[in-house]
Amino acid sequence: MWPPADFEFHAEQLALGLDGMQVQRRLRVYADGVVVYGTATESLRGRVDPTAGPTVALPVFERMSVYRLVPGSLRAFARRLDRLGIATMAPRQGDSLSPECSIVLLRWRAFGAENRILVQGGVGGPVAELLAAISAHLPVGERFETGNGSKQLAAVLRGVPEPLADRAAAMQVHESLCEAHVDEQLLVDAFTLACVSGDRSRAQRLLARYSALPRSTAPGAVESAEPRLDARFLQRFLPPQ
């Protein structure tokens, strides 16, 4: 029966900028039907090692839309992904990356199986259908694409709220979601919002929860623009007292 209790789907679009890869949008679909969609136009940046190492960007998701799929819509979405072969797709799809193209990272889990897929450049066939199916479940005007004429499908949902750009509301929503879902990336997103809002005590509470989350069992450990981050690194972003 779709979806299974462990169903979870994440999508993330990134673009190449002057400062490296920038997360533009992120989607989460949970087994209870909750959909979390957000876009980011800014990020907090820092080096894992102050003297060397890669620069890590923490996107600021203050423009959000959160809604819940009715059981029939959730079932149809999960089955659609399965029929398009997401479980067995090769981990890399599309042409080589060009400056005009975006990258889309996908992570899917169901029935104990999991797959991670990186899509870049021009795609066709089931991969193009997959991106179109994902975008058809987003608010009007929002979509995941990698460039080069990505396929479009008509929206399949009604009543989806438009994304709202409100930092305070986004902070509250993130905290509520963190209570309902064990997702380490969601905790990092909430922590980032608290930092840019200058709320040190809230950021410290979220960082403590993130630090206590077992790495081996965290279901939200998505392959993303940001690797699994050490709490000592995140402490550098805390607002001043």
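Is Ser-135 buried or exposed? With a relative accessible area of 13%, Ser-135 is buried, a term that denotes under 20% relative accessible area, with exposed meaning over 50% and partly exposed lying in between (1.4 Å probe, protein chains only). The structure is a predicted model, in which local features need pLDDT of at least 70 and side-chain atom pairs count only at pLDDT 80 or more, while totals for chains, interfaces and linings use all residues. Residues are numbered from 1 along each chain as its sequence is written, and side-chain values use heavy atoms, with hydrogens and water left out.

The mean pLDDT of the protein chain (pLDDT being the predictor's confidence in each residue, from 0 to 100) is 87, and 85% of the residues reach 70 or more. Over residues 216-226, by contrast, the pLDDT is below 50, although this stretch has 34 contacts in the model beyond near neighbours in sequence; a contact is defined by heavy atoms within 4.5 Å.

The protein chain contains six helices and 10 strands, assigned as DSSP runs (helices H or I, at least four residues; strands E, at least two) and numbered from the N terminus. Of the 241 residues in the protein chain, 50% are buried. Among contacts between residues at least 6 apart in sequence, 65% join residues at least 24 apart. The chain exposes about 11,400 Å², of which carbon and sulfur atoms supply 52%; accessible areas were computed by the Shrake-Rupley method with a 1.4 Å probe, and for residues only the protein chains shown count as cover.

Ser-135 belongs to helix H2. Eight of the 11 residues of H2 are buried, so this helix is largely enclosed by the rest of the structure. The buried set comprises Val-127, Ala-128, Leu-130, Leu-131, Ala-132, Ala-133, Ile-134 and Ser-135. When residues up to four places away in sequence are not counted, Ser-135 touches Glu-142, Arg-143 and Phe-144.

Four aromatic pairs are present in the structure, where rings of Phe, Tyr and Trp (its six-membered ring) pair if their centres lie within 6.5 Å, and planes under 30 degrees apart count as stacked, over 60 as edge-to-face and the rest as tilted. One of these pairs is formed by Tyr-37 and Phe-144 in an edge-to-face arrangement, with 6.4 Å centre to centre and 80° between the planes. This pair links distant parts of the chain, 107 residues apart: Tyr-37 lies in strand S3 (residues 34-39), and Phe-144 in the loop between helix H2 (125-135) and strand S10 (164-165). Both Tyr-37 and Phe-144 are buried. A further edge-to-face pair joins Phe-233 and Phe-237, at 5.3 Å centre to centre and 85° between the planes; Phe-233 and Phe-237 are likewise buried.

Two backbone features were also identified. Most residues other than glycine have a negative phi, and most peptide bonds are trans. The peptide bond from Trp-2 to Pro-3, however, is cis, with omega near -10°, and Pro-3 is located in the segment before strand S1 (8-17). Phe-111, although not a glycine, has a positive phi of about 55° and lies in the loop between strand S8 (102-110) and strand S9 (113-120).

With a disulfide defined as a pair of cysteine sulfur atoms within 2.5 Å, the count is zero. Cys-178 is buried at 5% relative accessibility, and Cys-195 is buried with a relative accessible area of 9%.
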